[in-house]
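Reader: I'm new to reading protein models. Could you walk me through one, feature by feature?

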Amino acid sequence: MNLEKREIIIREIQYWRRSKLLPEQYCDFLTNLYNDEAEIKDSNPVSLQNLQQGSIKVWLFGFGIISLIFLISLYFSVFPWPLQLATALCVLVVCYGYSAIYRDRNNMISLLLAGVGSVLTLGFGLWLIALHDLDPDFWRPLLIAGCGLLWCVLGFTLRIGLLHYCGFAFWALLYAGFSGQMRPDASMLELELIWLPLCVLMVWLSWLLYHKVSGVSGVYLGVGVSLWLMPEVDALWLRQDYPGWVSLLLIVKVAAGLALLFIFRKKWITWVAS
């Protein structure tokens with residue numbers, strides 16, 4: 001029960017008491033009941049109400065968290081590598097774990113923790129690669145693949161669409177780098193054949209998951225729409241010496257994609273809203 005509804009009910013109870021429609025003791029019982037429910041639901045230690053009350057436990061908890069963040073930031077580079085890895089994993093487990101815990105309690109806190117955990121996952125990975133002078137040509141693609149897999153799994157499990165989409169985006173980035181190394185001089189037709197089958201696959205998965213699993217078909221549709229434009233993006237930004245008409249082709253494909261979305265709007269809007 002949100003705060004507005006609780007206040008309305010309490011005002012009604014006070015009206016019943018003044019009108020003597022209910023016994024006064026029963027009105028007191030109902031008032032205390034709804035106040036107790038509000039206190040239970042406001043048990044979040046970092047809520048503004050608890051901070052305003054000046055609880056020493058809350059402030060010590062905040063001091064400890066801030067001190068731990070500075071300690072890790074300042075001394076992470078001098079830790080032995082097993083402790084560095086363990087520290088990074090512990091921080092990520094805490095972020096993603098509490099994101100899962102708060103998923104049904106407080107959606108905003110859950111999304112914030114998932115975002116912080118995702119940024120730290122990539123940041124810790126790049127930091128460890130730089131600290132230990134690891135081969136970036138091998139470890140950075142491995143980090144991208146690991147982040148993509150982790151975010152896809154967590155985004156699917158926690159039903160966080162943006163995190164799920166970012167996982168596929170990292171896989172697409174890895175796929176673009178791999179195809180660029182294998183076929184650096186690929187023609188525009190080859191690029192279309194490299195990306196468009198994946199676009200069709202993701203749109204088909206969107207339709208399939210709409211009938212099987214709720215809450216994820218919109219992500220797959222968004223990935224499919226992004227892959228529709230990837231051949232031209234690949235040619236313009238990830239490769240060199242492509243003709244100027246590729247930009248015109250990109251505009252034509254944007255127009256064609258919007259036309260298809262308009263024609264089939266009754267179907268894909270149902271998928272996204274599911």
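Author: Let's begin with what a helix is here: a DSSP run of H or I with at least four residues, while a strand is an E run of at least two. Keep in mind that this is a predicted model. With that in hand, take residues 217-238: the chain there is 95% helix and 0% strand, and its end C-alpha atoms are 29 Å apart.

Reader: Where does UniProt place the feature "transmembrane region"?

Author: The unreviewed UniProt entry puts it at residues 58-77, 83-102, 109-132, 138-156, 163-181, 193-210, 217-238 and 244-264. For another of these spans, look at residues 83-102: 95% helix, 0% strand, with 28 Å between the end C-alpha atoms.

Reader: How do I describe two helices that pack, and at what angle do α10 and α11 do it?

Author: The general idea is that you give the angle between the two axes and the distance between them. Here, α10 (residues 217-228) and α11 (residues 230-238) pack at about 50°, and their axes are 5 Å apart. That angle is why we call α10 and α11 oblique to each other. On the α10 side the contact is made by Ser226, Leu227 and Trp228, and on the α11 side by Met230, Pro231 and Glu232. Sorted by class, that contact has four nonpolar residues, one polar and one charged.

Reader: What about cores? How many residues does the largest nonpolar core have?

Author: As background, nonpolar side chains tend to be buried together in soluble globular proteins. In this model, the largest nonpolar core has 21 residues. Those with the most contacts inside it are Phe168, Leu191, Trp195, Met202, Tyr220, Val223 and Leu227. Helices α8 (161-182), α9 (188-212), α10 and α11 each supply at least two of its residues, and α9 gives the largest share, seven residues. Apart from this core lies another, of 13 residues, including Ala114, Ile144, Leu158 and Phe170.

Reader: Can we zoom in on Met202? Which residues does methionine 202 touch?

Author: Leave out residues up to four places away in sequence, and methionine 202 touches Phe168, Tyr220, Val223, Gly224 and Leu227.

Reader: And is leucine 221 buried or exposed?

Author: The cut-off for buried is under 20% relative accessible area. Leucine 221 has 8% relative accessibility, so it counts as buried. This leucine 221 sits in helix α10, and, again skipping residues up to four places away, it touches Val203, Ser206, Trp268, Trp271 and Val272. The C-alpha atoms of leucine 221 and tryptophan 207 are separated by 8.2 Å, although the two are 14 residues apart along the chain.

Reader: Which residues is threonine 87 in contact with?

Author: Leaving aside neighbours within four places in sequence, they are Ile72, Phe76 and Phe79. Threonine 87 is in helix α5 (residues 81-101), and its 13% relative accessibility is why it counts as buried.

Reader: Last one: what should I look for in phi?

Author: Aspartate 133 has a positive value, near 50°. Aspartate 133 is in the loop between α6 (107-131) and α7 (136-158), and counts as exposed because its relative accessibility is 68%. Arginine 159 also has a positive phi, near 60°. Arginine 159 lies in the loop between α7 and α8 and is partly exposed, with a relative accessible area of 33%.

Key: Residues numbered from 1 in each chain as written. Predicted model: local features only at pLDDT ≥ 70, side-chain atom pairs only at ≥ 80, totals over all residues. Heavy atoms only, no water. Axes fitted to C-alpha atoms, helices over the stretch in contact; angles between N-to-C directions. Parallel < 35°, antiparallel > 145°, perpendicular 65-115°, else oblique. Contact = heavy atoms within 4.5 Å. Nonpolar A, V, L, I, M, F, W, Y, C, P; charged D, E, K, R; others polar. UniProt positions renumbered as here; feature names shortened; annotations may be inferred. Core = buried A, V, L, I, M, F, W, Y, C linked by side-chain atoms within 4.5 Å. Buried < 20%, exposed > 50% of the residue type's maximum accessible area, 1.4 Å probe, protein only.
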